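I opened this model to look up its strand pairing, its charged contacts and its aromatic rings. My entries follow in the order in which I looked things up.

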Amino acid sequence: MHSNRGLSRRNCLETMSCSWGTELWDQFDNLEKHTQWGIEFLERYTKFVKERSEIELSYAKQIRNLSKKYQLKKNSKEEEEFKYTTCRAFLMTLNELNDYAGQHEVIAENLSTQIIAELTRYTQELKAERKSHFHDGRRAQQHIENSWKQLESSKRRFERDCKEADRAQHYFDKMDADINVTKADVEKRCSLKAKQQAQMRHQIAEDSKNEYLTYLQKFNKDQHEHYYTLIPHIFQRIQEMEERRVGRVRESMRVYTEVERKVLPIVSKCLDGMTKAAESIEPKMDSKQVVESYKSGFEPPGDVEFEDYSVSMKRAVSESSFLNARGESRRRSRSKLWPLLKRNKLMSLLASPRQPPPPPPTSPSPDGLPNGPQSPQQPKEPLSQRLNDFMGTKHKMHCLRSLKRGGTGQEDYSHLPPEQRRKKLQAKLNDINKDIQKEMDQRDALTKMKDVYIKNPHLGDPDSIDPRLEEITQSLEKLQLEAHKFEGWLTEVERKLLEKGSESQRRQSSHFDSQGNTPLTNNYGQNRESPDGSYTEDPSTETTMQFKSRSTEFDDEFDDEEPLPTIGTCKALYPFEGQNEGTISMAEGEMLYVIEEDKGDGWTRVRRNEDEEGYVPTSYIKLFLDTNAKGAMTYI
């Protein structure tokens, strides 16, 4: 039997098809320890996968938070930054990173559902199955042990009965062989009793023998059945259970790798997206975008004029000569110069009348006044006196600072440089056109719906759509008016930019033609422009140069100004000669443009043409103000 088991063990190693029932028939305790270790290993592997899933979830959460932290926030300054390719690429990278985090969440979810949950359930089933198998094994072991105990008990009893039978037979033989005992004593004392005792012992010994033989046969049968039937069967089931456990671990490890392998294509796409985002960065395009963002549309300044100080000049210039020089300069050209910024407002204030206006004529007809109403008489004051008065008046300084080109509204973006203004207007116009298209689409859809309702009244009431159509029609009218308004502003800006471009080309060509000479005067230098779009008058006259040297201390206090916009018209009720500086003459019935209302001093500022403007008595005119005029402003 031992040789057969050795041969079977060798065959097991060769064929890898071992049977625990034959090979491990005597290793019940070791098998119990091994299967318990297998369950503990399964639980440890399940815990490992669970911790890996938690790590994946935590990593995905941190990645998502990181991506969210650096995402573009609405209505923030960062929104302007994403017009650059670097910022757009960074945004694409964040989006791909968010998808990448999602794949780690998928890994965690699949590990939880496909491995952790399955192994947890299988572990409970395995524990119950193992308990059942080893319970059967212990019961079989207990049965064979009980059979062995019965055999041993019958064996000891048979041995004891045989020994007692031998002693009884020996005692009978001894009594029968004693010569000192008479035949009568033998018959009297021993024959009957010893003989009966010996026979009884022999019978007991025979019965014990038969019982021992019975238990022996039963034990051998039970033992054969135990080691060749019950134990192999139980161990075989335990072996199958253990092999299933090992197979489940193998499958779990395979799923563990497949779970991650399945997301690799998407992860690879995310990484490809990040690479594509990096490759989309264009340094030249970003450089161009900087130009688009900050280009003002202004032209570079021309040459600085030569200032000849060798000519004797007067150190003080009267206000009259200064204003006359200014008038001549305005009629000659509207010029721009950096060194003297924002002077239109200053000149306007210096030239405004300082005395109350004359009362209107008492006669309803201008013939009643041969010379017409008298213009305000102003004392001749030195220019330095006027400047000191002006600088000492905080109220007027505040008014000047509050001046805004085109009024306080920013709807037309007039506060921006020309090029930036054009872009803003174009973007606004595009948005309005999109809204118009949406409204038109809605109107068309409602019109079709109304036609369907008319043809099929059971579907709905056609009149129920009319209020909505009316609302859309009104909205379209408003949007179209808005678009027309912005188109006008855009056309104006583009025209000015085109004129500036042509003027710049002429200036450059003239500059190249005159290069090599040092002219004392530079006509092209008159059209100079500051970086913020401020405009100044022609400084070519001697008096203007004197004023420029005295006014540089407070030039920065004023905004750059174009001519004030008209806020209405007026009709002259009486003639007015306007002999003093700052006033303008007018004939009865003449129509003039109003550019500044009466500020409480009785004078209204009007304009006849582009270069001729001044103050007239408010009581001499009839105002027709345009309440919708943009830029209307009254100074208090």
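**Salt bridges**

I began with glutamate 612, which forms a salt bridge with arginine 608, the closest N and O atoms lying 2.9 Å apart; the term is used for a side-chain nitrogen of Lys or Arg within 4 Å of a carboxyl oxygen of Asp or Glu. Glutamate 612 is partly exposed at 34% relative accessible area, and arginine 608 is likewise partly exposed, at 23%. For these words I keep to the cut-offs of under 20% relative accessible area for buried, over 50% for exposed and partly exposed in between, with a 1.4 Å probe and protein chains only.

I note before going on that the model is predicted, that local features need pLDDT of at least 70 and side-chain atom pairs pLDDT 80 or more, while totals for chains, interfaces and linings use all residues. Residues are numbered from 1 along each chain as its sequence is written, and side-chain values use heavy atoms, with hydrogens and water left out.

Which residues do salt bridges with shared partners join into one network? I find Glu596, Lys599, Arg605, Arg607 and Glu613 in it. Within this group, glutamate 613 meets arginine 605 at 2.5 Å, N to O, and also forms a salt bridge with arginine 607, with 3.3 Å between the closest N and O atoms. Glutamate 613 counts as partly exposed at 21% relative accessibility, whereas arginine 605 is buried at 9% and arginine 607 is buried at 10%. Over the structure I have 27 salt bridges in the record of my entries.

**The sheet**

I next followed the open sheet of 5 strands, whose order is E4-E3-E2-E1-E5 and whose pairing is antiparallel. Strands here are DSSP runs (E, at least two residues) and helices likewise (H or I, at least four), numbered from the N terminus, and two strands pair if DSSP finds at least two bridges between them. Strand E4 (613–617) and strand E5 (621–625) each have a single partner strand, so one side of each is left without a neighbour in the sheet. Strand E3 (residues 603–607) is joined to E4 by 5 bridges, the two running antiparallel, and I noted that valine 606 stands opposite glycine 614 in E4.

**Aromatic rings**

How many aromatic pairs does the structure hold? I have 14, a pair being two rings of Phe, Tyr or Trp (its six-membered ring) with centres within 6.5 Å, stacked if the planes are under 30 degrees apart, edge-to-face if over 60 and tilted otherwise. One of them is the tilted pair of phenylalanine 48 and tyrosine 256, at 5.7 Å centre to centre and 40 degrees between the planes. This pair links distant parts of the chain, with phenylalanine 48 in helix H3 (residues 28–69) and tyrosine 256 in helix H6 (residues 183–279), 208 residues apart. Phenylalanine 48 is partly exposed at 40%, while tyrosine 256 is buried at 18%.

Phenylalanine 486 and tryptophan 489 lie 3 residues apart in helix H13 (residues 466–513), about one helical turn, and both are buried. I also noted a cluster in which ring pairs link Tyr574, Phe576, Trp603 and Tyr620.
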